[in-house]
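Notebook open, model on screen. These are my entries on what I looked up, one topic at a time.

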Amino acid sequence: MTYLIKGARPYGEAAADILVTDGRIAAIGESLSATGAQVVDAAGLIALPGLVDLHTHLREPGREDAETVETGSRAAALGGFTAVHAMANTDPVADTAGVVEQVWRLGQEAGLVDVVPVGAVTVGLEGERLAELGAMADSAARVRVFSDDGHCVADPALMRRALEYVKAFDGVVAQHAEEPRLTTGAQMHEGDRSARLGLTGWPAAAEEAIIARDVLLAGHVGARLHVCHVSTAGSVEILRWAKGRGVQVTAEVTPHHLLLTDACAESYDPVFKVNPPLRTDDDVAALRAGLADGTIDAVGTDHAPHAVEDKESEWAQARPGMLGLEQALSVVIETMVEPGRLDWRGVADRMSVRPAAIGRLDGHGRPLAVGEPANLLLLDPGARAVVDPAALASRSRNSPYAGRELPGRVVATFLRGTATVLDGEAVT
Amino acid sequence: MKRHLLEAADLDRADATLVLDTAAQIDQALAGREVKKLPTLRGRTVVNLFYEDSTRTRISFELAAKRLSADVINFSAKGSSVSKGESLKDTALTLEAMGSDAIVVRHSASGAPHRLANWVRGSVVNAGDGTHEHPTQALLDAYTIRQRLGRLEGVRVAVVGDVLHSRVARSNVWLLHTLGAEVTVVAPPTLLPVGIGSWPVEVSYDLDTVLPKSDVVMMLRVQAERMNASFFPSAREYSRRYGLDARRVAALADDAIVMHPGPMNRGMEIAAEVADSARSTIVEQVGNGVSVRMAVLYLLLGGSTQ
């Protein structure tokens, strides 16, 4: 299929036509024409490289009632993504070549985004001994990102070994930074609001202590470290310090930590329960500044679907996590673009270029240029809509943005030249 | 009054005073009567939904509802559908389908009554949720202070003990502040929440300096299991530094009173001779609890069938 995208503004800059054929960008220029091409009217729309998520929970295998690779892929495509990293905390855990290949194949079959499996660092996420990281790296899934996400690799000796070991295949350990002894029973950010609400506090220091430890370890052994869902101002400071020292550390922030604060917990509605927890206004400001200046490299959604019964309960009983794929770009527009912290090239960098580089993905995070793979999205930046969880493509409904008006609408997404979203609707 | 009583922090001064005044009227109406019963809530159904064992609070609410002539159902989570995995929401909807007008809920999870209030049409009364609040305890404490000292405005109250884990402390802090009292919380720093700086209280780590300046000393129950989590080194050390014994009581002003929400650990946070002294309001608190809970149920249910 050949598409002629008319009048889009690449990176929000001068309007141009984009000709997509054979999976690649064949031409960019004014008044292009092509016989037999499907014309996409993109007047006023912004073209960006397809987004790449380093942090997605697709729940398959194990919790297909909450999400499947297919439903999660559709949600991703609707959010403008062309590649997502599927976290390893499935059931069974993605800690063997067999499981990561299964997830990878399910992604291929769905065909809506490239589903890139993340391998567990330790067997069963139990933090005791290394999973067969090399076997996962060598599998058809070509795993490069390893994470026990949901759990911290808390044992410092084991973390050191993991960091060292994955150097052999240019892997990276993505750490869920949470000192478990400081967060026993923790329910929300520890501060004024937890004191009042009587919910056990999750201190910022529990995240910062692990990040500080891990950047020192990564520097010591010369390995790559990626920090998942950075949530505190102190973490941003530590990352800035480490990068200044030349440590190969990268980090991501979630859309919800860019927008929401622990004030949301006052409703006791567990849709706002997430790990790490929503923090304070000061933390939100530091995260936005960190993403703007590049201390934080990427936006990672931590899209975490949960079945209704896992959220419609008491706060303490509810599972942590919230949806993110379909609103991620909108939240970044609201928190970063509209206030002038990032331009569209900055958005492309933090949501596509850098996450693709961290995951060592070929063909994603490439510039909008002739000859490049046609992974791109078209965005209507002026559209505004109120989020209706019932209308989401995800199988779950636990969106923290329900009822909130957000800017920006993904009108089309192309994966290697094939439209996965057109007119704001999923194609398949 | 609002439809629910979820937290003392919700109550403004007028509402809180209304509860206390109504309790006083109920006490007067029942004083000296042989049949301690009012017909006010006849035909209404009050459910005591208790997810935690709490015999004294449950009995107090039961008595309050019965003295108002309501039908009372006690639903204990143990040995019921709940132990078979039924969710809070399903239990609530079941109780409502059976015609409950008010649900009195005790739950180990902070915020459970707030969740419940989203799911039912009737009134929800928080009878203690996790480490969050226990508003009727604070109301009965305020009632007791007013009864003994004749006022609440300007009364200096020391709240002593495990503030971190105490729903009684939280409710008292907010309610007493609303009613014009001056609250000082006293505890080892490990048993104070990190965010306490945002509370309308003074904070002290030293009981002995606070006692001479207090009109009311409210002792909180300290669970020995906190010792195992290193909140304090030993029961003996806790008792030595924060226990209220006869020597410390001697530092109090003559008309100062000693309160405890019960159940007490005699010899731990409070010495037996102090608990049984004339300053102690512990038994009055129990009696006042019934009156205050009657007032709450009366005000929430409006006293008439809708």
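Helices (H or I, at least four residues) and strands (E, at least two) are DSSP runs, numbered from the N terminus.

Housekeeping: I number residues from 1 along each chain as its sequence is written, and chains are lettered from A and ligands numbered from 1 in the order in which they are written. The model is predicted, so local features need pLDDT of at least 70 and side-chain atom pairs count only at pLDDT 80 or more, while totals for chains, interfaces and linings use all residues.

**Helix α12 of chain B**

For burial I use C-beta atoms placed from the backbone: 20 or more others within 10 Å is buried, 12 or fewer is exposed, and in between is partly exposed. On that count 15 of the 20 residues of α12(B) are buried, leaving the helix mostly covered. Just past the helix, G302(B) has a positive phi of about 70°.

**The annotated span**

I looked up UniProt for chain B: an unreviewed entry lists residues 153-300 as "domain: Aspartate/ornithine carbamoyltransferase Asp/Orn-binding". Positions are in the numbering used here, feature names are shortened, and annotations may be inferred rather than shown by experiment. In the model that span is 37% helix and 14% strand, with its end C-alpha atoms 26 Å apart.

I call two residues in contact if their C-beta atoms, placed from the backbone, lie within 7 Å. By that test 21 residues of chain B contact 19 residues of chain A. On the chain B side, α3 (88-97), α4 (112-119) and α6 (167-178) each supply at least two residues, and α4(B) gives the most, with three. I sorted that side by class and got six nonpolar, 10 polar and five charged residues. My classes: Ala, Val, Leu, Ile, Met, Phe, Trp, Tyr, Cys and Pro are nonpolar, Asp, Glu, Lys and Arg are charged, and the others, Gly among them, are polar.

**Y51(B)**

I found Y51(B) in the loop between β1 (45-50) and α2 (55-67) of chain B. It is buried, with 21 other C-beta atoms within 10 Å. Leaving out residues up to four places away in sequence, Y51(B) touches A77(B), R106(B), H107(B) and S108(B).

Most residues other than glycine have a negative phi, and most peptide bonds are trans. I went looking for exceptions.

- N275(A) and P276(A) are joined by a cis peptide bond, omega about -5°; P276(A) is in the loop between α8 (255-259) and α9 (281-293) of chain A.
- G262(B) and P263(B) are also joined by a cis bond, omega about -10°.
- L125(A), not a glycine, has a positive phi of about 60°, and it counts as buried with 22 C-beta neighbours inside 10 Å.
- Y268(A) has a positive phi near 60°; this residue is buried too, with 26 other C-beta atoms within 10 Å.
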